[in-house]
Amino acid sequence: MTATPEQAAGTDAGAGTEEAARFHALLTSFEGRPAATAGQGKDPVNQPMIRHWCEAMGDANPAYTGPDAIAPPTMLQAWTMGGLSGHGDRSSAYDELLALLDGAGCTSVVATDCEQEYLRPLRPGDAVTYDAVIESVSPRKTTKLGTGHFVTTRMDVRADGELAGTHRFRILKYAPAAPREKKPAARRPRPVVNRDNQGFWDGVADHKLLIQRCTACGTLRFPWLPGCNGCASLDWDTVEASGAGTVFSYVVMHHPPFPAFTAHEDAAAVVGPYAVALVELAEGVRMVSNITGVPYDKVRIGMPVHLEFLRADEDLELPVFRGSEG
């Protein structure tokens, strides 16, 4: 039962249930057919390859050295690999199967997993031979990579004619999924703006840090409030802060990475902690804000800071304070 890739194209990806079933039946007709016949390892089992493997894996098991050394069992596949020049023992059936999947749009491939069974140790000098069979082809599966079929082959590995182990190898031949739409950039949470603090945010938009001042008793207050803490007067005006201040207290925030909080001068800061300080302004009031310009672990109580404005996105600016290690 055969079909050209052109005949198979269109019968799988995007097809209905009946067409998909017919195509899968065509694929399963390859099950049991040879993938490789009478293959021969390019080198006998040898101590230099064992040594390189152990060094790469950091495996110091004494069983792999000395006159009675054996090869690490997990090297089973290594003795059958063809290297850059490849092997000439792959069957036409396996190539036909892959061509059929290519013709149906499953042009991409990814290795998914392997299973090995060890029946006898391999020793330096053993001549390795192998046969492989197409063991199974799955029904159509949908994955994050795309839609396609899992193809499993089983290889029987022999040493001087004696079965030494089996190696099952599974790949996914798939049609790549369409690229997902790029998500919009994460935005910082919006500050709550109401009639009591609207004037403060209007000032920030003009790059001014405005402090409320009671017109009855002259007391400055921050954050903004409807009435004076000192005399309860509801009358007030504003004073523009000079921008100078010192760190009165601070905490270091640790949280999972969140792109919206990337520091404006260092994108890598999104993965690390950052300092949030209670800043005492030169005018005497205190406000909470981020400290920029210095690593979080260099922030200290009493550190001088000065005001700057952080452009978080196209319609949000925030007042922050830049420190200096000096």
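Rings of Phe, Tyr and Trp (its six-membered ring) count as a pair if their centres lie within 6.5 Å; planes under 30 degrees apart are called stacked, over 60 edge-to-face, and the rest tilted. Keep that rule at hand for the opening stop. What you have open is a predicted model, in which local features need pLDDT of at least 70 and side-chain atom pairs count only at pLDDT 80 or more, while totals for chains, interfaces and linings use all residues. Residues are numbered from 1 along each chain as its sequence is written, and side-chain values use heavy atoms, with hydrogens and water left out.

**Stop 1: the aromatic cluster**

Select Phe200, Trp201, Phe222, Trp224 and Trp236: ring pairs link these residues into a cluster. By the ring rule, the count comes to four aromatic pairs. Zoom in on Phe200 and Trp201, an edge-to-face pair with 5.1 Å centre to centre and 80° between the planes. Both Phe200 and Trp201 are buried (buried means under 20% relative accessible area, exposed over 50%, partly exposed in between, with a 1.4 Å probe and protein chains only).

Helices (H or I, at least four residues) and strands (E, at least two) are DSSP runs, numbered from the N terminus. Phe200 counts as buried because its relative accessible area is 7%, and Trp224 counts as buried because its relative accessibility is 9%.

**Stop 2**

Strand 7 (residues 210–214) is joined to strand 8 by two bridges; pick Gln212 and you will find its bridge partner, Arg221, in strand 8.

**Stop 2**

Walk around it strand by strand:

- Strand 10 (residues 244–253) and strand 11 (residues 274–281) run antiparallel, joined by eight bridges; Val251 stands opposite Val276.
- Strand 10 also pairs with strand 13 in the antiparallel sense, over three bridges; here Gly245 stands opposite Val305.
- Strand 13 (residues 304–313) and strand 14 (residues 316–323) run antiparallel with eight bridges between them; Asp313 has Leu316 as its bridge partner.

**Stop 2: the nonpolar cores**

Select Ile50, Trp79, Leu97, Leu122 and Ile134, the residues with the most contacts inside the largest nonpolar core, which has 35 residues. Such a core is a set of buried Ala, Val, Leu, Ile, Met, Phe, Trp, Tyr and Cys residues joined through side-chain atoms within 4.5 Å. Helix 4 supplies the largest share of this core, six residues. Apart from it lies another core, of 25 residues, among them Ile211, Ala275, Val294 and Phe309.

**Stop 3: His167**

Which strand holds His167? His167 is in strand 6, and it counts as buried because its relative accessibility is 4%. Its side chain makes a polar contact with the side chain of Gln116, at 2.9 Å. A polar contact is a pair of N or O atoms within 3.5 Å; within protein, one must be able to donate a hydrogen and the other to accept it, and residues adjacent in sequence count only if both atoms are side-chain atoms.

**Stop 4: both ends of helix 3**

Finish at helix 3 (residues 47–57), which includes Met57. Is Met57 buried or exposed? Met57 counts as exposed, because its relative accessibility is 54%. Just after the helix, Gly58 takes a positive phi of about 70°.

Technical notes. Two strands pair if DSSP finds at least two bridges between them.
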